[in-house]
Amino acid sequence: MSDEEHHFESKADAGASKTYPQQAGTIRKNGHIVIKNRPCKVVEVSTSKTGKHGHAKCHFVGIDIFTGKKLEDIVPSSHNCDVPHVNRTDYQLIDISEDGFVSLLTESGGTKDDLKLPSDESLLSQIKDGFGEGKDLIVSVMSAMGEEQICGLKDIGPK
């Protein structure tokens with residue numbers, strides 16, 4: 001054998017999927033599910049038994065976690081459904097730009113500048129008012145399936 005070392009360059013990502021499979025019959029209310037390629041929070045689950053040779057079916061009603069739209073799906077309970085990996089991360093708000101983007105402080109000390117202000121009016125006004133008053137604000141960012149959005153706010157007092 002030769003003493004040369006072989007170097008391989010990989011340009012692919014780690015292959016971590018945005019979703020994972022879960023049997024439809026095991027998904028419960030307040031869990032998450034992908035309906036029509038959108039990550040949803042399950043608000044209602046009903047299971048119906050069918051005829052002698054049919055499968056039991058699960059009827060899911062979900063609310064899109066980013067748009068708030070109601071989506072429905074019916075899946076045989078023995079089949080697999082896609083479940084999104086949903087993460088919630090807290091960042092400290094540093095600045096709000098003129099074009100509606102926010103500057104957030106990450107845990108590592110860097111900044112995250114690629115998020116827009118939320119479209120939810122009450123959350124938007126709370127963030128703008130609190131920032132205008134000079135308060136220290138912590139925003140919760142929900143991420144799933146390659147999308148991110150500010151979904152919550154904590155006031156940790158004046159600066």
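Trainee: How many salt bridges does the count come to by this rule?

Mentor: Side chains of opposite charge can pair when their charged atoms come close. In this predicted model, the count comes to six salt bridges.

Trainee: Which residue forms a salt bridge with D64, and which parts does the pair tie together?

Mentor: The partner of D64 is R38, with the closest N and O atoms 2.6 Å apart. D64 belongs to strand 4 (residues 57-64) and R38 to strand 3 (residues 38-48), so the pair ties together parts 26 residues apart in sequence.

Trainee: Is D64 buried or exposed, and why is R38 classed as partly exposed?

Mentor: Buried means under 20% relative accessible area. D64 is buried because its relative accessibility is 4%. R38 counts as partly exposed because its value is 23%.

Trainee: Where does K112 lie, and with which side chain does its own side chain make a polar contact?

Mentor: K112 lies in strand 9 (residues 111-116), and its side chain makes a polar contact with that of D114 at 3.2 Å. D114 and K112 also form a salt bridge. K112 is buried at 13%, whereas D114 is partly exposed at 49%.

Trainee: Which residues do salt bridges with shared partners join into one network?

Mentor: That network consists of R38, D64 and E147.

How values were computed:
Residues numbered from 1 in each chain as written. Predicted model: local features only at pLDDT ≥ 70, side-chain atom pairs only at ≥ 80, totals over all residues. Heavy atoms only, no water. Helix = DSSP H or I, 4+ residues; strand = E, 2+ residues; numbered from the N terminus. Polar contact = N/O pair within 3.5 Å; in protein donor to acceptor, adjacent residues only side chain to side chain. Salt bridge = Lys/Arg side-chain N within 4 Å of Asp/Glu carboxyl O. Buried < 20%, exposed > 50% of the residue type's maximum accessible area, 1.4 Å probe, protein only.
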